[in-house]
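Colleague: I'd like to learn how to read a model like this one. Could you walk me through it, feature by feature?

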Amino acid sequence: MRDRQTARLVLIAILIVFLLIYIVVHHRSQARLEKAHNQLKDAYDQLEETTTAKERMESELRIARNIQMSMLPSVFPEIYGLDMYASMTPAKEVGGDLYNYLQLDDKLYFCIGDVSGKGVPASLFMAIVTRGFRTLALTGKSPAEIATRLNNELTENNDEGMFVTMFICRLDLKTLQLEYCNAGHNPPIISNADGQFSFLDVLPNAPIGLWPGLEYEGEEMELQSNQRLLLYTDGLIEAENRQQEQYGEDRIIKLLTSLSASSCRDIVEALKADTDKFRDGAEQNDDLTLLAMMSAARYAQSSF
């Protein structure tokens, strides 16, 4: 009897010990599971918050892109004998390149520009420059005067040190006399009577927005009938492929020569397509903006 009682007591003790161990282990497991659940919930909440913020930012950037693109003309002058077309392709959601035009009586103002930097700051500066160009063109000033006035205005409050390179033109639609001012921008490309293209030799001047008090110097030339002019930003020449090779000047001249009889729109679209093909899947490293113009004097004169 004593042995059986002792055995029962030992068995009960063992059961109690196992029960206590189970309770402790289960409690710890529950604590770990609850802790893991809370961590997962926190991570999910953080992910949801991050996703919401990212979606909101992407939405705001899309709106900013739409606003920026709406500032650039998508309809071009309908003047008998004049052909003009332009395009801007930003490297990011928003960019710092610009182009614009304004017809004032028998004068056609047009320009292209490239703001320092990329993204939102460049796009805001681009908006200021675009508005400044149109405002000054409405006063009938020459391209050099526009560059000088614009430089004075932009250097007044420019703590960030931003600047823009520009090529500003004023074309007399009756005589095809072209006045222009290069403010640190890439030299344009122009065709000759034989349909051959070459880079125009221009005065460099300084970019706009760096130093106050500069007096910009302009130049002029008379365009010939059917002569084509191409303005562009360095996103064209400096477009890179996967091997980090640049598109370069020779490819541009070769392609333009093959398009010597094409419309301005065809020229711009062909250059965009060829640079995209050249990149071969590489990420676009800079904004790409193109503006092509051609006018026939005998047609332009008959419009006025």
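Modeller: Let's start with glutamate 153, which counts as partly exposed because its relative accessibility is 39%. The scale goes like this: buried means under 20% relative accessible area, exposed means over 50%, and partly exposed is in between, with a 1.4 Å probe and protein chains only. Before we go on: this is a predicted model, so local features need pLDDT of at least 70 and side-chain atom pairs count only at pLDDT 80 or more, while totals for chains, interfaces and linings use all residues. Residues are numbered from 1 along each chain as its sequence is written, and side-chain values use heavy atoms, with hydrogens and water left out.

Colleague: Which residue forms a salt bridge with glutamate 153?

Modeller: The general idea is that side chains of opposite charge can pair when their charged atoms come close. A salt bridge here is a side-chain nitrogen of Lys or Arg within 4 Å of a carboxyl oxygen of Asp or Glu. For glutamate 153 the partner is arginine 149, with the closest N and O atoms 3.9 Å apart. The two are separated by about one helical turn, because they sit four residues apart in helix H3. Arginine 149 is partly exposed too, at 37% relative accessible area.

Colleague: What counts as a helix or a strand?

Modeller: Both are DSSP runs numbered from the N terminus: helices are H or I with at least four residues, strands are E with at least two.

Colleague: How many salt bridges does a search of the whole structure find?

Modeller: Seven. One of them joins glutamate 269 to lysine 272, with 3.7 Å between the closest N and O atoms; both lie in helix H6, three residues apart, about one turn of the helix.

Colleague: Where in the chain are aspartate 106 and lysine 174?

Modeller: Their closest N and O atoms are 3.9 Å apart, in a salt bridge. That pair links distant parts of the chain: aspartate 106 is in the loop between S2 and S3, lysine 174 is in the loop between S4 and S5, and 68 residues separate them. Aspartate 106 is buried, because its relative accessible area is 18%, whereas lysine 174 is partly exposed at 37%. Both belong to a network of salt bridges that links Asp106, Lys107, Asp172 and Lys174.

Colleague: What is the strand order of the open sheet?

Modeller: In general, strands of a sheet pair through backbone hydrogen bonds, either parallel or antiparallel. By the rule used here, two strands pair if DSSP finds at least two bridges between them. This open sheet has five strands in the order S2-S3-S4-S5-S8, with antiparallel pairing. Strands S2 (97-104) and S8 (219-222) are the edges, each pairing on one side only. Inside the sheet, S3 (residues 107-115) and S4 (residues 164-172) pair over nine bridges, and cysteine 111 stands opposite isoleucine 168 in S4.

Colleague: Which strands does helix H2 touch?

Modeller: Contact means heavy atoms within 4.5 Å. Helix H2 (residues 119-137) packs on the sheet and touches S2, S3 and S4.

Colleague: Is threonine 275 buried or exposed?

Modeller: Buried, because its relative accessible area is 0%. Threonine 275 sits in helix H6 (residues 264-279) and touches Leu236, Tyr247 and Leu288, not counting residues up to four places away in sequence.

Definitions and conventions
Axes are lines fitted to C-alpha atoms, for helices over the stretch in contact, and angles run from 0 to 180 degrees between N-to-C directions.
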